[in-house]
Amino acid sequence: MKYIDRKNTNCIKWDGLENQFGEDGLLSMWVADMDFACPVCVTEALRKYINAPLGYFKPPLSYFEAVVRWEREHHNYEIKSEWICVTPGVVPAIYWAVRVFTKPGDGVMVSTPVYYPFMNAVDHCEERELVRCELKKAGTSYEMDYERMEEDIVGKNVKLYILCNPHNPVGRVWTEEELRKLLELCRKYHVMVISDEIHQDIINPMLGRKKVTAATVGDYDDMLITMAAASKTFNIAAVQNSFVIIPDKGNREKFQAFQERMSVGNANAFGYVATAAALQGGEAWLREVTEVIFGNYEYIKRRFEEECPEVKISDLEGTYLMWLDFSSFFAGKREIKEFLQKKCRIAMDYGSWFRGEGYDAFVRMNIATSRENVREACDRMIRALREEV
Ligand SMILES: Cc1ncc(COP(=O)(O)O)c(C=O)c1O
């Protein structure tokens, strides 16, 4: 995997530190993208495309074919081209879907701690109530609390649930049984489900089971929307392209009507070109990056187990985002910030950003980077923690 020093390339991760953390010069392990060059097939396709005049672009058939094939071959999800709505990102698609599929007074449920734009999407939509249902801790992993969910669905007028599969930040790849239980619960109370599967391709090879796409566990077509992209998988977030799969005609027409009303029914040319190329030719690259990511995970786990077992590490079933618990050392936000930024000079997403209860001393660590950066981060954290005791 070709590591790139991305400083001074206008990337948020390295060049946006001052803005997010109030200072520069930190070892950057926050924003969820990779420090690796994307697959060569992507850069070649983009190069070829820019030789043509950059006039208005017609989405190519090959893009839709590539998405259909990828979903079938990698996720056992049989979809039709016409089910695909293209958007310039999963986050905007979630914002729009909240608007389209709920009305003022409705509750929208998420399982916290969770990727914070889910909650922003609800907060920014007038008169929708955000309903946060806590995940339950289960050893070094997490589970859904179905009882609490049912109570809140009923008690707080929940009409939409936003699922994160695999889950950012706790790293769960939900099992078929868990997904079915969730979907049956939602069906019982007529709750629509958005399944954000953007991390679907980054799965721990040691998981011992296949990652399951929510839409494949039964016939939930009338209540389920799947959102995914090639952006996390192949490190091409900058081209802003994602696919929203809506099998139900009525739901699709509602979503498309919104896109039309807002004149946002499309993504840019580079996104189509890069995504199609990645899905068509990026498999070997994906295998290689998966090995690097989960090699990093094993390395970090071993370092902490051997040198500082008080730091609790959640199982990383999927995603390249580790979830670390420093609460044996630190009481809250101020202390963890002091430790991570001042002592270690590292930038990671703070647990409190994910808005669960009791995660102030947690951090999310992006490990899609070089082993050198990972080793350096472990050295700095473990050395500083030794001084704490
Ligand atoms: C769960 C999840 N959804 C969506 C996104 C971002 O999606 P996009 O860049 O397509 O808007 C991220 C990025 O970290 C993510 O973790």
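Visitor: What makes the span of helix 5 (residues 90-101) agree with expectation?

Guide: The expected span of a helix is 1.5 Å times one less than its number of residues. Helix 5 has 12 residues and should therefore span 16 Å, and its end C-alpha atoms are 16 Å apart, which agrees. Helices here are DSSP runs of H or I with at least four residues, strands are runs of E with at least two, and both are numbered from the N terminus. This is a predicted model, in which local features need pLDDT of at least 70 and side-chain atom pairs count only at pLDDT 80 or more, while totals for chains, interfaces and linings use all residues. Residues are numbered from 1 along each chain as its sequence is written, and side-chain values use heavy atoms, with hydrogens and water left out.

Visitor: Which residues of helix 5 are buried?

Guide: They are V90, A93, I94, W96, A97, V98, V100 and F101. Buried means under 20% relative accessible area, exposed means over 50%, and partly exposed lies in between (1.4 Å probe, protein chains only).

Visitor: Why is the aromatic pair of Y49 and F57 called edge-to-face?

Guide: Rings of Phe, Tyr and Trp (its six-membered ring) pair if their centres lie within 6.5 Å; planes under 30 degrees apart count as stacked, over 60 as edge-to-face and the rest as tilted. By this rule the count comes to 26 aromatic pairs. Y49 and F57 lie 5.5 Å apart centre to centre with 85° between the planes, and the pair is edge-to-face.

Visitor: Why does Y49 count as buried, and why does F57 count as partly exposed?

Guide: Y49 has 14% relative accessibility and so counts as buried, whereas F57, at 27%, counts as partly exposed.

Visitor: What do W70 and F234 form?

Guide: They form an edge-to-face aromatic pair, with 5.7 Å centre to centre and 70° between the planes. W70 lies in helix 4 (residues 61-75) and F234 in helix 9 (residues 231-234), so the pair ties together parts that are 164 residues apart in sequence. W70 and F234 are both buried.

Visitor: How do you know that N366 is buried?

Guide: N366, which lies in strand 15 (residues 362-366), has a relative accessible area of 0% and is therefore buried. Leaving aside neighbours within four places in sequence, N366 is in contact (heavy atoms within 4.5 Å) with residues including K13, W30, D33 and Y320.

Visitor: Why are strand 11 (312-313) and strand 14 (349-350) said to stand at the edges?

Guide: Strands pair if DSSP finds at least two bridges between them. The open sheet has 4 strands in the order 11-12-15-14, with antiparallel pairing. Strands 11 and 14 each have a single partner strand, so one side of each is left without a neighbour in the sheet.
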